[in-house]
Amino acid sequence: IIRTSSPKFGVLGLVLAYLLNTKIVYMVSGVGFIGLSNNIVIKFVYYFIKKLELFLLRRTKSFVLTENSNDYKYWAKKMSKERVKILCGAGVSNIYYDKYNSKKDKRVLFPSRFLISKGAQIFIEAANVLKIKYPDWEFAMIGSDDYNNPHLIKKEILEKAKNNKIVIVLPYRSDIHDIISSSSIVCLPTWREGKSKVLLEASASGCGVVTNNVIGCNDVFIHNKNSILAKKGDFKSLVLGIEKIIKDTKLLKKIQKNVRINPGHKSRLIKIVGSSKKIYIQLSEKFK
């Protein structure tokens, strides 16, 4: 069985499957920059790519593996349901459960690539307002600032954030368990996700989650129950959402507790591996 992930390699894998007359499992992890662009030309290219994907999937009799219900419903309509499967994310390492930290610092953390579409710029703008009102709270970002993506925020915006000391900007590192697990709130005002791994890690760590009411997030995150859901690209909504659980400690504690159970507990790596195994056993028969 051959499995591809990411938009670019997914399409490449489908083309090779067509040319080599074989099947693949096409993992729909997200839509990438091209699927989020507002440029009319890029939108047309994305439309063409979706048509190409569907053509290749049908011609190769390949399978689609999705991470959220929206993507599942889309592909199940386009293809037969038996060829579309759903899996809740990539799985959260046991370290987030085994080294659970119940003592949280007064920190709002943005842990992601510094992309506009991940919410990096709007997070900085929100922090500029909230830090003045809540000086005892820390607003931090950790991630890559040299990622090759058109949505990368401008260097001057990041430098200004560093210099004004309202936002602490930390360099990328592969092991971020400690800073996630010790943060009271993890904020990712993203435009769209397959299923955000870092938000599932934050859930397992019992952090208050603030994200957007968008595909890939509103599948498992419920407003005022296990998260705060802001409106996509809405600065005021994000500020009010973060402020709500900074001020309301009871609500924050409730969210931290609920999010650890669902989706935190349901995202354990062992559970995802078990689900993946069942899917691949089914697919192995169909591959024959």
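I began with Phe55, which is partly exposed at a relative accessible area of 33%; I call a residue buried under 20% relative accessible area, exposed over 50% and partly exposed in between, with a 1.4 Å probe and protein chains only. The model is predicted, and I therefore required a pLDDT of at least 70 for local features and 80 or more for side-chain atom pairs, while totals for chains, interfaces and linings use all residues. I number residues from 1 along each chain as its sequence is written, and side-chain values rest on heavy atoms, with hydrogens and water left out.

**Nonpolar patch**

For a patch I took residues with over 30% relative accessible area and no salt bridge, joining like charges within 9 Å and nonpolar side chains (Val, Leu, Ile, Met, Phe, Trp, Tyr) within 5 Å. The areas come from the Shrake-Rupley method with a 1.4 Å probe, and for residues only the protein chains shown count as cover. Helix α1 (residues 7-19) gives the largest share of this patch, six residues, whereas Phe55 sits in helix α3. Helices (H or I, at least four residues) and strands (E, at least two) are DSSP runs numbered from the N terminus.

**Positive patch**

I then listed the positive surface patch, which consists of Lys51, Arg58, Arg59, Lys73, Lys77 and Lys78. The elements that contribute two or more residues to the positive patch are α3 (40-60) and α4 (69-78). Here Lys and Arg count as positive and Asp and Glu as negative, with His and the chain ends not counted, and each charge is placed at NZ of Lys, CZ of Arg, CG of Asp or CD of Glu. Lys73 belongs to helix α4 and counts as exposed, because its relative accessibility is 54%. Lys78 is also found in helix α4, but at 33% relative accessibility Lys78 is partly exposed.

**Salt bridges**

Side chains of opposite charge can pair when their charged atoms come close. My search of the whole structure gave nine salt bridges, a salt bridge being a side-chain nitrogen of Lys or Arg within 4 Å of a carboxyl oxygen of Asp or Glu. One of them joins Glu193 and Lys118 at 2.8 Å, N to O. This pair links distant parts of the chain, 75 residues apart, with Glu193 in the loop between β8 (183-188) and α9 (197-204) and Lys118 in the loop between β5 (105-111) and α6 (120-133). I checked the cover of both partners: Glu193 is buried at 7%, and Lys118 is buried at 13%.

Asp219 bridges to Lys195, the closest N and O atoms being 3.2 Å apart. This pair too links distant parts of the chain, 24 residues apart, from the loop between β9 (208-212) and β10 (228-230) for Asp219 to the loop between β8 and α9 for Lys195. Asp219 is partly exposed at 31%, whereas Lys195 counts as buried at 8%.

The bridge of Glu159 with Lys162 has its closest N and O atoms 3.6 Å apart; the two residues are separated by about one helical turn, because they lie three residues apart in helix α7 (residues 155-164). I also recorded a network of salt bridges that links Asp105, Arg107 and Glu138.

**Cysteines**

I found zero disulfides in the structure, a disulfide being a pair of cysteine sulfur atoms within 2.5 Å. The closest cysteine sulfur to that of Cys187 is in Cys217, at 11 Å, and so too far for a bond. Cys207 is likewise in no disulfide, its nearest cysteine sulfur being that of Cys187 at 12 Å. Cys187 is buried at 0% relative accessibility, and Cys207 is buried, also with 0%.

**Backbone**

Most residues other than glycine have a negative phi, and most peptide bonds are trans. Against that, I noted a positive phi of about 55 degrees at Lys61, which lies in the loop between α3 and β3 (63-66) and is exposed at 54%. Lys165 has a positive phi of about 60 degrees, lies in the loop between α7 and β7 (167-171) and counts as exposed at 70%. The peptide bond from Asn262 to Pro263 is cis, with omega near 15 degrees, and Pro263 falls in helix α11 (residues 249-264).
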